[in-house]
Amino acid sequence: MAMDNATAIFEFLLIGISDYPEWRVIFFTLVLITYLSTLLGNGLIIFLIHIDSHLHTPMYFFLSNLSFLDLCYGTVSMLQTLVHCFSTHPYISYPRCLTQISVSLVLATADCLLLAVMAYDRVVAISNLLRYSVVMNGPIVINHFVCEILSLLKLACSDTSLNELMILITGIFTLLLPFGFVLLSYVRIVAIVLRIHSSQGRIKAFSTCGSHLTVVAIFYGEAISTYMKPQSKSSPDQDKFISVFYGALTPMLNPLIYSLRNKDVKGAMRKVMAKRA
């Protein structure tokens, strides 16, 4: 903010779902179930990959790191939503707000880069299919469930064009470039698979990267739709519910899409159950 019109900010008020009090119980229940599913699903994936030596391969190394990031990101985004759901005055201090933004950005960036690395892993797997084994007084009101960078910028009294430009440039490097790398990887995958003569071989090759492509579509689709569109066309209410989907459902769905349907993970799970029986 401009120094000649500066106001000391010590806390923010998160609106969240306070505009829809009749939905609080349902919303709390859904977020709680989602968060518990995130903890259970991702925790189970990390546990299985850790204890089963057959899963000590590059693909499952990346999957365990993805599950860890999903656990952290889901905790950062969902716990505060749950804590503040029934609060009459859900305040958050300025340092906590900045900390949450910083941690969320770091985790989201790591997720973007990890998905790009996993795309390259799929290229290697398909290329070597047979050999691959590895401004006012008082609180400032944020129309969101958590501290989120775009919602925070809307509170500024001064021009935020430079901030929005920095977010756009950062998005190019952390969203568009990794997403472009993923697309190029899949172009190469398609070209390689089309050279496989048997239809069964082509189906097997595509099946190895179908889960990754699903996660990429969900993750990058939500992030790009939020951070790469003109802010003049954004809807605060729409964006905050997209953020819930982005921060809550995606970490919950990743284990289901990626690992729990995988025959190797299922095999590891059966071994664990047999040992405990």
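Accessible areas come from the Shrake-Rupley method with a 1.4 Å probe, and for residues only the protein chains shown count as cover.

Please keep in mind that this is a predicted model, where local features need pLDDT of at least 70, side-chain atom pairs count only at pLDDT 80 or more, and totals for chains, interfaces and linings use all residues. Residues are numbered from 1 along each chain as its sequence is written, and side-chain values use heavy atoms, leaving out hydrogens and water.

Now the overall layout. The chain has 8 helices and 3 strands, in the order β-α-α-β-α-β-α-α-α-α-α along the sequence. Both are DSSP runs numbered from the N terminus: helices are H or I with at least four residues, strands are E with at least two. Of the 277 residues, 43% count as buried. Buried means under 20% relative accessible area, exposed over 50%, and partly exposed in between (1.4 Å probe, protein chains only). The accessible surface of the chain is about 15000 Å², with 68% of that belonging to carbon and sulfur atoms.

Is Ile172 partly exposed or buried? Ile172 is partly exposed, at a relative accessible area of 34%. Ser185 also lies in α5, which covers residues 161-194, but Ser185 is buried, at 5%. Leaving aside residues up to four places away in sequence, Ser185 touches Ala119, Tyr120 and Val123, where contact means heavy atoms within 4.5 Å.

Next, helix α8. Its 14 residues, 263-276, reach 20 Å from first C-alpha to last, close to the 20 Å expected at 1.5 Å a residue; the expected span is 1.5 Å times one less than the number of residues. Which residues of α8 are buried? They are Val265, Gly267, Ala268 and Val272. Seen down the axis of α8, the buried residues fall within an arc of 160°, so they line one face of the helix. That arc is taken from the directions from the helix axis to the C-beta atoms. On the other side of α8, Lys263, Arg270, Met273 and Ala274 are exposed.
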